[in-house]
Structures are given as C-alpha cells and as structure tokens.
Amino acid sequence: MLNNIFQGRIRTTLLFGMLVIIALSTSIGAMLYYNQLKDNLDDQTHVMLQAVVEKQAYFIENWFWQKMTLISTISSSQQLKTGDEELIKEYLKDIIYKNIDIQDMGVADLQGNVQVATSYHHGINIKDRQYFKQALEGKKGISHLIYNRFSYTPVIVFAAPVYKEHQVSGVFFASISIDNITKIMQNLNLGRHTESYIVDSQRRMVSNSLHEDKNTIGTMSRNNFRLKIDSTGVKNALMGISGVGKYINYRGVEVYGAYKPMNVTNMAVVIEQDVKAFMEPREKQALLSTISIAGFIILLFMPVLMLMSRRFAEPLEKLNAAAQDIRDGDLGVTVNIKGNKEVSQLASSFNEMSLQIKRINEQLNESINTLEEQKEEIESQNEELLASEEELQETNKQLDQIATTDYLTKVFNRRYLFEYISSQIQLACKRNMPFSLILFDIDYFKRINDQYGHHVGDQVLIGLTEVIFENSGQDALLARFGGEEFVLVVPSSKLEYAKNLAERLRLKIANHIFKTDGGDIKLTVSFGVTSFSGEYCNINGMDLDRLITQVDDLLYRAKKEGRNRVVAELPNYQ
C-alpha cells in the first residue's frame, strides 16, 4: 500500500507525507497538553484541599477555645469556691442544661476524689489522669479522646484548677461530647469522594468517618475509636507539619491529602480525596478534549496541505517565467500549461494563485481588524478582573474586622485582646516599655437586664463603650472581655496614671445618664487596675494568664469592698 502511494500521483505523495508530519507533531503536542492538564488538576486539587483544611482547623480550634474559655469561667466562679456541694451541683446542672454537648461536670479534691458530680463520676478517683495532674500545676488541661465507660460515647475532658485564696484547692472538669466536631467537619466537606476527620496524639480518629453507616453518623463507633491511623498525612500533622500530598490512607486507598496540626490542642485535621474517583472522569474529559483539539488541528491544516501539494507539482521550468512576473507585481498573470492531468491541474492552480493572493491580502486586513477588536475586548476584561480583585481585597478586609471585633459593641473581642496584651508584654521585656490593664464591669448589671430586658441591657453596654472611647485617649485599646466585663489596655503608662484614668472614668460614668428604650438609666462601674513593666519579665510564673488573673482579683476586691471604686496594685508573682 505504501508503494502505491509513493509511486502514484505527486499530489497524493506530497499530501500523505505532510499529513504524516502534521499528525506526528500534533500527537506529540497533544500528549504534552494532556500531561499538563493532569498536572494542573493535581495543583488545583492541592490548593483547594489546603484552603479547606485551613478553614476546618480554624473552626475546630475556635470550638476548643470556646469550650476552654467556658471551663475557665466556671472554675473561677464564686459557686465553686463556696464548697457547698448542693449549690455547686445545681449550678453545674444549670450549665449543662444550657450546653447540650456537655455530658458531665465535676469537682475533685487535691487527692483526685470526685466530691461533686452531675451524674456518674461521683465517688471515683481521677488522680492518675493527665488532665488532673496538669490542673494541679495551675494549667488548663485537655485530655486525649476517651471512650466513656458509662455513656458508651467518645468524649474529650477539659479541666482547670479551682483557686481559693490564690491557692489551688481542687480541680474542675467537664466531659464534652465530640458530636459538634463531627457536624462541623461534615458541613465543611467537599463531596462524597472526600473525607475529613480529626486525629488525636494517639493517632485515633476523633470525628466520624464518612464511610460509617448512615445510622451511626453523630455517634462514633468503637471501631473508629480503636482505629489508629498510620498514613503519611497523619504522621506529618502530629509532628507539627502542615502540608498537602498524595499518599495511601487508612483504608488502603490512594488519596490527595491536606493536613494541619491545631495549636489549641494536640490534635490534627486531615482532609483526603480519593484520587481514582476524583481523577477518572476528569482524565476522560481531558483526553476527549485533547483528541478533539488534535483532530481539529489536522482538519484545519488539510486545505493548506492540499494547496501546497498543487503548488509543488508544477514543473519548475514552466513556472519560472510566471514566477518572475509575479515577483514583479503582476498578480493577475496566468499560465496555459498543457500536459498530463497533474500538469493541467497545476496550471489551473497557478492561475488561481494570483486571485487567491489578492483574497488572502483582503482576509489578512480583515484579520488585523479583528485582532484589534479582540485586543480591546481583552483590555476591557483585564479592567474587570482588576475591579474584581479590589472587591475581593475589600471583602477580606471586612472578614478580618469581623474576626477581631465584638458583634454588639464593635470594640475589639477577647481573642484580639489576648494577642494585643501578648505583644505589649514582648515590648515591655525587649524595650522596657510599661503598660497598664484596667478591667471593669457594670455594678448590678443583672438587675438592669431583669428590670428592663436584654435589649435595654445591650443599649447600656453600647453606651458605656462610647463613654469610655470619648474619655480614655487615642492610644488606649478597649476590648470586651465577656458579658458586661471590659478591658482597657493603656500602652506606655505606669500604675499611677492608669489609676487616675480609671478614677476619671468612674466619675464620668457615675454622672452620666444613659438614654435607652426603657428610659434614663444611671449606673456605676467597679475597676481593677494593674501595670506591667520589664522588671517582671525574669520572674518565674510571669505570663498572660497570670496577669489577667491578677487584674481580675483586683476587680473582685473592688466589688467586695462596696463597688463603684477603683482598686489598683502592682502585679504580685509570689
């Protein structure tokens, strides 16, 4: 068959040879294009998984932080310090009623004996538990995942020390269900071929696997609780490494994985996508696209190849004179060549050449005009992209503000407050720049809520922040600490200045009339004031939590001494 092609007509031979060259070139280009598509899919998947795992880690860490904040608040409550078991038990039951994910709460003495519990922990000893030991040392503790032998569900135990007269007098603990973590993970998932879960430091799965039976979603099985995961992603995450990659997961399936350790607790978030299930339809689509493009290119070149075959078949000696005429600009020249079929066809093609050159020239001019129009369109699209980018930047700026601002009073929230105080401690230690903390809350605020309603109480809180803003100076930072408690951080100030500022604010508030929907309201505020400087940096026990505890104790003294007063004192780390 090849011999017939090469020994046949010149045009056929030329056309076949050019088709082979174009087909080979197109095939090579198509293979490269297909491989590039696959690489792009890998990169896009990695970026997508990395973004999702960052978002999941943020929500889960925030959940842990909220629970630890709640536990800390309860452990420092006055009810736990009374020692009245019945009062403590009723207080804890009321909290459990308002927080459905808390299964049990209790208080243990210094020997680990549970003195008060809301359910089944009463009477047991927990002195061998790691979270109990951490709390005895004055630290907040979070357990590994524990399978509750009473409720037959997996829980995480949060613990915090109970102080009495500045000494640890016991340990408060709470068993919290992880069902909410599982719901968060499932709500942030990417689809049925994607699985995300949390592992603790023992490499055990904390949240439900999506491969569990539908009837068990929300309640982890014993199999999941006992499952230890040895995949590359889990190992890296538990070593403190964030990243993405392709590896074999705990089900023996090759997956794209993204993993991230969590700062709040010794756990990690992992999200995995089945490579085969994800890539098969996309690879088929990419292959079909590649084949279609290759076929289109070959079809696109067919007329050109046919034209070239006609041109090259003309005998060179017959074409020389006509070619010179064309060279001289006579585009309308024609030739009359008689001969065999190939020669006649070549003559006819040559005669058409001059007319076609003119048409090509016109088409070229039209193409240039089209390209100019396309250029303008591309420039317009670029302007739209720039506008979209500016809008995205503005949206990100608004999200940052929401993450650091209290939703009601629009002052900074507790999270941003702790970050800011930490930065002030670093400045004090590096450059000996002192700063002061003023912790204050409204006296008898509960009466306002009870008498006028929470809507009026909210108006009072907003009005209070406005008074503080107007009278505290531009450098001071105001943040909502929780409820009706606020913190004013005064940079580059010593205790005497902060004390005088607090006294001015106290008088200003006491003489201020708050306009609300419930009428005019007058109130008083109690203040605790302390100051921090570089001389405290080398003292054992100096940290952010201790500084907050000190100023909270001063506010408590102001309340105890009659309210509507300022109690100021330098930190005491003895």
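**Close-up views of a predicted model**

View 1. Phenylalanine 296 sits in helix H9, which covers residues 275-313. Is phenylalanine 296 buried or exposed? With 52% relative accessibility, phenylalanine 296 goes down as exposed, because the cut-off for that label is over 50%.

**View 2. Asparagine 236 and its contacts.** Now we move to helix H8, residues 232-238, which is where asparagine 236 is found. This residue has 17% relative accessibility, so asparagine 236 counts as buried, the limit being under 20%. Which residues does asparagine 236 touch, once neighbours within four places in sequence are set aside? Those contacts are Ile241 and Tyr259.

**View 3. An open four-stranded sheet.** Read across, the strands of this open sheet run in the order E7-E10-E9-E8, and the pairing is antiparallel. At the edges are strand E7 (194-199) and strand E8 (243-248), each of which pairs on one side only. On average, neighbouring strands of the sheet are turned by 25° against each other, direction ignored.

**View 4. Strands E8 and E9 side by side.** Zooming in on one pair, E8 and strand E9 (residues 254-261) are joined in the antiparallel sense over six bridges. For a spot to look at, take isoleucine 248: the residue opposite is glutamate 254 in E9. As background, strands of a sheet pair through backbone hydrogen bonds, in either a parallel or an antiparallel way.

Technical notes:
Residues are numbered from 1 along each chain as its sequence is written. This is a predicted model: local features need pLDDT of at least 70, side-chain atom pairs count only at pLDDT 80 or more; totals for chains, interfaces and linings use all residues. Side-chain values use heavy atoms; hydrogens and water are left out. Helices (H or I, at least four residues) and strands (E, at least two) are DSSP runs, numbered from the N terminus. Buried means under 20% relative accessible area, exposed over 50%, partly exposed in between (1.4 Å probe, protein chains only). Contact means heavy atoms within 4.5 Å. Two strands pair if DSSP finds at least two bridges between them. Axes are lines fitted to C-alpha atoms, for helices over the stretch in contact, and angles run from 0 to 180 degrees between N-to-C directions.
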